[in-house]
Amino acid sequence: MHVDPIVMNSMPKGLKVLVQRSLGAPETIANEGLPRRSFLKLATASGFALGAFPLAAMAQGGAAGAAASGLKPTQQPAAFVRIDRDGTVTVTINRLDFGQGVQTGLPMILAEELDADWSKVRSVHGNADPAYVDPASGLHITGGSGSIKNSYLQYRELGARTRAMLVAAAAAQWNVAPATLRTQAGAVVGPGGKKLGYGELADAAMRLPVPESVVLKDPKQFRLIGQPTGRLDARAKSSGGQGYGIDVRLPGMLTAVVAHPPVFAGRVKSLDDAAAKAVKGVRAVLRVPLDRGGEGVAVVADGYWPAKLGREALKVEWDTAAVEKADSARLLASYRELAQKTGAVKYDADMAKLAGAPKKISAEFVFPYLAHAPMEPLNCTVRLSGEGAAAQADLWMGTQMPGLDAAAAARVLGVAPQNVSVHTQMAGGGFGRRAIPSSDYVAEACAVARAARSAGLAAPVRTLWSREDDIRGGYYRPMHVHRAEIGFDEQGRILAWEHVIVGQSILKGSPFEPFMVKNGIDGTMVEGMREPYEIPMKLSVHHPQVNVPVLWWRSVGSTHTAYVMETLIDEIARSTGQDPVAYRLRLIGEGHPRHKAALQLAVDKSGYGKRTLAAGRAWGVAVHESFNTVVAYVVEASVQDGVPKLHAVTAGVHCNLAVNPRSVEAQVQGAALMGLATCLPGAAITLKDGVVEQSNFGDYVVPRITDMPAMAVHLVPSADAPTGMGEPGLPPLAPAFANAVARLTGKTPRELPFKLA
C-alpha cells in the first residue's frame, strides 16, 4: 500500500505512526512531546493549569495504556485542569461534545480523584493542540464511542496528580508530612481541622513538580463516579444560552453559502451571476473547488439571508458529463447480481452440509443510504490574518477530528500547519458527519475564505450549509445488500451459513485504509457478523466503486450486520419452535457472559415470559455487542392496518462501570430512537440519475415525539473500566422491532425501512 508523501505529511502525528506501522516502515516522527516544565508554565492570571501525561496509565499497567499506540507518555500530554483562586476547577476535555454528555463525564472522572467540590467544576473544549489527542489512538478524534472508555484512566491520573500537588503545597505551608493530610470537597484538611481551599493553594502547587506516580482510588471509594449526575451544560441548553459552531460571530464577519453541483464531482460549465450580485448585501460571487474534484459557486454576503437569495439568483449550467450518475434502482440490481457471487473471503467455514440440511433459510436483505442529518447543519468560520510565512488561520466549528481538519485547512489555505488554530465549538449532533477523512466542509470553507480574501474581502467568513445542502450533499451510510443461505436441523443446530455482503467501503481512499482494510475487506463492513455465536460461516464481501460519498454513520457496520444476524437467529428459533431467548442463551454458550447478563437483565425487567401482552402485541428480542458494550432489547410492538408500531422498549446494558448512569440512560434512549428511525417509511436516501432525491425532514423521515416508545434502561452492575456507550444502543433496536413484527405477521421485514405491504 502506497501513501502519498504529501498526504502522509499532512496527517496528525499519531495517525502517521499507525500508517507507518501498517506499512512496515520505520517510524520517523520526532519526539514532539511537550516537556513537563513547559506545561507547568501554562499558568493563567487567576490560577494555575496543570498538564499531565495520560499514558502514565500505561506505566501503571492500565488497560487503556496497554491499548495505546505505543508512544511514550511524554509524547502525549492530553488534558488540563485549571484551578482559579476562587476554587473554581475548569477541566478541558479532549473531545467534541455533540450531545453525548462528555463535558460532564470526563470532569466527573477527574473531579473524583481530585476530590473537587462538584459545584465548582466547569468544563471547556480542547482544540487541535497535540495535548488533546486520544490516548489510545494518538489521534484527535471523537468517535468509536471512545471518549470515556479511552480517557478513563487518563483523567483519573490527571485528578490524582493535581490532588497530590495541592496536598504537597498544604503540607509545606503547615510544615507537616503530606501523609497526615486528607482532601475533601475542594479543600485540604490538616491537623486540628485546619483547612485550605484549593484556590488558596493553587499558586504554591504550581511551583511543585508533577509527581511521577500516584495511587488511584479503589472504586469502592467513589463518590462521584457511578452517581446519576445532571449535566454541566443543562442550564445553558435548556435556557437557550448554549452557543454552537453556527452561532459564532466575529467582528465584520461575512456569511457564505455555496451552490453545489447536482451530481457529486460535477463542475461549473457556465455562470451568470449578475442577478446574484444585484442582491442587496451580496459582496462577492466566487467559483471555488469542492470535495472529490468538484467545483461550486460561493455567494458571500453580509448575512445568511442575502447569501441565500444570491445563490437562488445564480444561473449556473453544470458539467456532469464526465462523472458517474449513481441511481438507486440500478445500483440495487447490480448489488443483487454481485451478491450471488463469492467476494473477498472473511470467514471460510466448510459449506458441505448446506445442501443436505433438513431445514433452510434463503434470505436477501436491503439497506439504503442514510444521511446523518444532525440538527445543527454543517458550518465552519475561517479568519485569515498576516501574510507569507506569518500567515495565520483561525477556525471555529464543531469537529470530531480537529487535527485532520487543521491539516486540511493548512493545505487549502497555504498556511503553515503550526499557524492553524482550531477553536472547537459545541456541536448540535453529528453521528459521524463531523469526522470526515477528506475534511470536505472544512476544506470548502477554507477555499471560500481564501477566494474571498483574494477578491479583496479582508473579513472572517462563515460558510454555512442549509439542511437541504447537508442532506443532498453527502456523505452517507452506504447502501448494502446481504444474501444468506443457512442450513440447520430440527433442533436449530446451524450446520452451514453462507453469507455475502455488498456495499461501498467507507475506508478505501482514506488515511485509515492501510490498517483497517485487510485482504480487500473493509473491517467496518463485517463487524458484528457471527458474534457472539459460534457458527460455521462462510462470509465474503464485495466493495463496488460508486460515485456517492460514504462515511461511518452512528454504530457503523453494526447498523446492518446486527439486523441481519439477530433477525436470522430469531427466524431459526421460530422455525424450530423454540423460545428466542432460550435459543439465544443456548447458542451463546458460556463464552460470552456479558451478552448473557445483558439479555437476562432485559428479559427479567420487561416481564418477558411472565407477563401477558395486550391483544395484538408481540415481544421482540435482540442482543448485540459494539464498541465493547453489549445492549439487549426486549420490545413490545403491534401492527395495525399494515403499520408497525413500537410501544415499549426494555434495555439491558453491559458497559462495565457507568461513570454517569444518567448519561448512559440518555445515550441508550437516543440511540434506540435513531435505530427506530431506520425502520420508519421514508428513512432512506435514494438517487435518481446521480441526484439525491431527498432534501429535508419533509421527505427524509426522522422520528417524531409520537414515535417514541416507553423506555426503561437497566445497567448490569460492574466495577470494571468503562466501555463505549455513544453508539451501542442503536444496532439491536431495529432487529428487536422486526422480530416482534415477524411474530405478528409471520414474515420478517428484510428491507429497511420497513415495507410490509
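Visitor: Which residues are buried in H21?

Guide: In H21, the buried residues are Pro661, Ser663, Val664, Gln667, Val668, Ala671, Ala672, Met674, Gly675, Leu676 and Ala677. Buried means under 20% relative accessible area, exposed over 50%, and partly exposed in between (1.4 Å probe, protein chains only). Helices (H or I, at least four residues) and strands (E, at least two) are DSSP runs numbered from the N terminus. This is a predicted model, in which local features need pLDDT of at least 70 and side-chain atom pairs count only at pLDDT 80 or more, while totals for chains, interfaces and linings use all residues. Residues are numbered from 1 along each chain as its sequence is written, and side-chain values use heavy atoms, with hydrogens and water left out.

Visitor: What covers the buried residues of H21?

Guide: The cover includes S27, S28, S31 and H22.

Visitor: How far apart are the end C-alpha atoms of H21?

Guide: The expected span of a helix is 1.5 Å times one less than its number of residues. For the 17 residues of H21 that gives 24 Å, and the end C-alpha atoms are 24 Å apart, which agrees.

Visitor: In what order do the four strands of the open sheet stand?

Guide: Two strands pair if DSSP finds at least two bridges between them. The order here is S26-S27-S28-S31, with mixed pairing. S26 (617-626) and S31 (710-715) are the edge strands, each with a single partner, so one side of each has no neighbour in the sheet. On average, neighbouring strands are turned by 20 degrees against each other, direction ignored. Axes are lines fitted to C-alpha atoms, for helices over the stretch in contact (heavy atoms within 4.5 Å), and angles run from 0 to 180 degrees between N-to-C directions. H21 (residues 661-677) packs on this sheet, touching S27, S28 and S31, and its direction makes about 135 degrees with that of S31. Helix H22 (residues 733-745) lies across S26, S27 and S28, at about 150 degrees to S26.

Visitor: How many bridges join S27 to S28?

Guide: Eleven bridges join S27 (residues 629-640) to S28 (residues 643-654), and the two run antiparallel. Gln640 stands opposite Val643 in S28. S26 and S27 are also antiparallel, over ten bridges. They form a hairpin with two residues between them, and Phe627 in the turn has a positive phi of about 55 degrees.

Visitor: Is S26 largely enclosed or open, and why?

Guide: Eight of its ten residues are buried, so S26 is largely enclosed by the rest of the structure. The bridge partner of Trp619 in S27 is Glu636.

Visitor: How many aromatic pairs are there?

Guide: Rings of Phe, Tyr and Trp (its six-membered ring) pair if their centres lie within 6.5 Å; planes under 30 degrees apart count as stacked, over 60 as edge-to-face and the rest as tilted. By this rule there are nine pairs. In one of them, Phe512 and Phe515 have ring centres 6.1 Å apart and planes at 65 degrees, so the pair is edge-to-face. Phe512 is buried at 5% relative accessible area, whereas Phe515, at 23%, is partly exposed. Tyr608 and Trp619 also pair edge-to-face, 5.5 Å centre to centre with 65 degrees between the planes. Tyr608 lies in the loop between helix H20 (593-606) and S26, and Trp619 in S26, so this pair ties together parts eleven residues apart in sequence. Both Tyr608 and Trp619 are buried.
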